[in-house]
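Please look over the sequence and the model below before reading on. The notes that follow go point by point.

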Amino acid sequence: MEPVTAELLMALASGTAGAAGQSLWERLRALVRRQDAPAVGAGELAAFDEDSGDDARARALADALALRAGQDPAFARALELWHREAERVRGGERGGGTHQEISGGTQHNVVFTRDVHGPVNLS
């Protein structure tokens with residue numbers, strides 16, 4: 001399993017990933033606080049909730065998630081599913097991994113788009 005990064009946790013907790021990120025953040029909180037699971041990560045989650053912009057707290061939470069995933073196979077499976085969805089949401093927030101650039105010369109009627117649902121008229 002690829003580890004959850006501090007940067008991903010900070011993006012979701014700070015709200016920069018929008019409503020989808022907020023929903024994912026709530027799901028992670030519920031996953032960490034499951035009643036039938038060891039409390040590994042709960043303290044780090046609470047500390048990070050206090051200051052979602054603190055890189056050290058985000059790294060501590062990421063480390064605790066990795067530790068718990070190593071101890072609890074059910075948690076590891078659930079975290080892996082959560083992580084895949086979180087990366088998709090963050091990828092969409094960053095433009096879906098596309099890069100668009102115009103250089104040199106003079107251009108007219110240049111349009112950069114994403115997810116167009118309907119006609120585009122440049123008249």
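**Notes on the predicted model**

1. Arg-57 has a relative accessibility of 29%, so this residue counts as partly exposed. The cut-offs are as follows: buried is under 20% relative accessible area, exposed is over 50%, and partly exposed is in between, with a 1.4 Å probe and protein chains only. Asp-54 is also partly exposed, at 22% relative accessibility.

2. The model is predicted: local features need pLDDT of at least 70, side-chain atom pairs count only at pLDDT 80 or more, and totals for chains, interfaces and linings use all residues. Residues are numbered from 1 along each chain as its sequence is written, and side-chain values use heavy atoms, with hydrogens and water left out.

3. Arg-57 and Asp-54 are joined by a salt bridge, with 3.7 Å between the closest N and O atoms. A salt bridge here is a side-chain nitrogen of Lys or Arg within 4 Å of a carboxyl oxygen of Asp or Glu. Both residues also belong to a network of salt bridges that links them with Glu-50. In total, the structure holds 7 salt bridges.

4. How many helices and strands does the chain have? There are 5 helices and 0 strands, so the order from the N terminus reads α-α-α-α-α. Helices (H or I, at least four residues) and strands (E, at least two) are DSSP runs, numbered from the N terminus.

5. Helix H4 covers residues 55–71 and contains both Arg-59 and Asp-55, which sit 4 residues apart, about one turn of the helix. Their side chains form a salt bridge at 2.0 Å, N to O. Arg-59 is partly exposed at 42% relative accessibility, and Asp-55 is partly exposed at 31%.

6. Helix H5, residues 73–93, holds the pair Arg-84 and Glu-80, again 4 residues apart, about one turn of the helix. A salt bridge connects their side chains at 3.2 Å, N to O. With a relative accessibility of 45%, Arg-84 counts as partly exposed.

7. For the chain as a whole, 28% of the 123 residues count as buried. The chain exposes about 7600 Å², and carbon and sulfur atoms supply 50% of that area. Accessible areas come from the Shrake-Rupley method with a 1.4 Å probe; for residues, only the protein chains shown count as cover.

8. Among contacts in the chain with a separation of 6 or more, 61% come from residues 24 or more positions apart. A contact means heavy atoms within 4.5 Å.
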